[in-house]
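Hello,

Please find the structure we talked about below. My notes on it follow.

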Amino acid sequence: MSRSIATRKGDDGLTSLLYGQRVPKNHPQIEAVGAFDELNSALGAAKAAHGDANVRAELERIQKELVALMGEIVCAEGDAARYADAKLPKLEPTALARIDAAVAELEGRGLLFDGWATPGANPSAAALDVARSVARRAERRLHALPFHGRAVRPLVASYVNRVADLLWLLARAAEN
């Protein structure tokens with residue numbers, strides 16, 4: 001017998017953190033995970049709209065890294081050591097280095113832009129700009145967590161910031 005997605009456990013407005021702690025669905029960690037889930041979906045739309053196989057592959061790598069990132073931030077502070085010791089996928093410094101290299105490569109192309117971008121030049125650029133704005137919302141939710149007792153690794157914060165930068169540059173490249 002297969003399990004149903006409809007567990008009915010959330011009907012009371014509560015949901016579970018990674019190791020089972022029940023919290024309200026508007027808990028800051030759930031809000032952050034939800035924003036990253038939205039980002040993952042927005043990246044999927046951008047990936048589907050983009051014609052360049054290398055860009056699509058990079059967006060998919062980011063999507064997979066977001067899954068690891070979400071696992072980390074949906075873990076209660078009291079379970080952080082348990083999570084660190086678990087054999088679950090985790091965001092690694094190599095991911096940030098790869099994003100930094102991609103940003104540098106795009107900046108090295110001398111992309112032309114003047115002032116604030118106006119999204120919508122084409123479907124690919126528009127999808128990338130939507131993903132960028134969702135990334136910035138996810139970043140804001142992430143930075144709220146320490147004010148609610150959940151530490152955030154500096155690597156995670158830097159990665160999210162740089163992913164948004166990369167998406168902005170990819171959108172500008174798609175316009176050109």
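**Notes on the model**

Arg172 lies over the face of Trp168, 5.0 Å from the ring centre; a charge counts as over a ring if NZ of Lys or CZ of Arg is within 6 Å of the ring centre and within 35 degrees of the ring normal. Lys90 likewise lies over the face of Tyr83, at 4.9 Å.

This is a predicted model, where local features need pLDDT of at least 70, side-chain atom pairs need 80 or more, and totals for chains, interfaces and linings use all residues. Residues are numbered from 1 along each chain, and side-chain values use heavy atoms, without hydrogens and water.

Beyond four places in sequence, Leu69 is in contact (heavy atoms within 4.5 Å) with residues including Phe36 and Tyr159.

Helix α2 covers residues 53–73. Glu58 is in α2 and counts as buried because its relative accessibility is 9%, where buried means under 20% (1.4 Å probe, protein chains only). The Glu58 side chain makes a polar contact with that of Arg61 at 2.7 Å; such a contact is a pair of N or O atoms within 3.5 Å, one able to donate a hydrogen and the other to accept it, and residues adjacent in sequence count only if both atoms are side-chain atoms.

Regards

How values were computed: Helix = DSSP H or I, 4+ residues; strand = E, 2+ residues; numbered from the N terminus. Expected span 1.5 Å × (residues − 1). Buried < 20%, exposed > 50% of the residue type's maximum accessible area, 1.4 Å probe, protein only.
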